[in-house]
Amino acid sequence: CSSDLRFRRVVDYLHENLERDLDLNHLAEIACMSPYHWHRIYQSFCGESLAATVKRLRLQRAANLLVKTSDSIEQIAQVCGYSNLQSFTRIFSGV
């Protein structure tokens, strides 16, 4: 299994599961690597940590939903993987 395929599997999983708790160990399992090795590979390839990528993708999805839907902020926060409205507004307003 090539590194590109492993990387693509994890990125696809991230995009499809942003509302879930995205645990480094599970993502490393999808990539068929140890968590330590996967984190290093990912960060060198992307230039950001997995946590930073997840935060960025969730914020992008939330911004898109805020503009394109009439869903409540609470619904959008939940769909984007935030545990509650307070954490969503704190992170979203800190951008």
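A residue counts as buried when its relative accessible area is under 20%. By that cut-off W38, at 1% relative accessibility, is buried. Keep in mind that this is a predicted model.

**Aromatic rings**
- Searching the whole structure turns up five aromatic pairs.
- One of them joins F7 and W38: their ring centres are 6.2 Å apart, with 50 degrees between the planes, and the pair is tilted.
- F7 sits in helix α1 (residues 3-16) and W38 in helix α3 (residues 35-46), so this pair ties together parts that are 31 residues apart in sequence.
- F7 is buried too, with a relative accessible area of 14%.
- W38 also pairs with Y42; the centres are 5.8 Å apart and the planes are at 55 degrees, so this pair is tilted.
- W38 and Y42 are four residues apart in helix α3, which puts about one helical turn between them.
- Both W38 and Y42 are buried.
- Through ring pairs, F7, W38, Y42 and F45 are linked into a cluster.

**Around Y42**
- Skipping neighbours within four places in sequence, Y42 touches F7, L14, G47, E48, S49, L50 and T53.

**Nonpolar cores**
- The largest nonpolar core has 17 residues, and W38 and Y42 are among those with the most contacts inside it.
- Helices α1, α2 (24-31), α3 and α4 (50-68) each give two or more residues to this core.
- Helix α1 supplies the largest share, five residues.
- Another core, of eight residues, lies apart from that one and includes L59, A62, I76 and C80.

Terms used:
Residues numbered from 1 in each chain as written. Predicted model: local features only at pLDDT ≥ 70, side-chain atom pairs only at ≥ 80, totals over all residues. Heavy atoms only, no water. Phe/Tyr/Trp six-rings, centres within 6.5 Å; stacked < 30°, edge-to-face > 60°. Buried < 20%, exposed > 50% of the residue type's maximum accessible area, 1.4 Å probe, protein only. Core = buried A, V, L, I, M, F, W, Y, C linked by side-chain atoms within 4.5 Å. Contact = heavy atoms within 4.5 Å.
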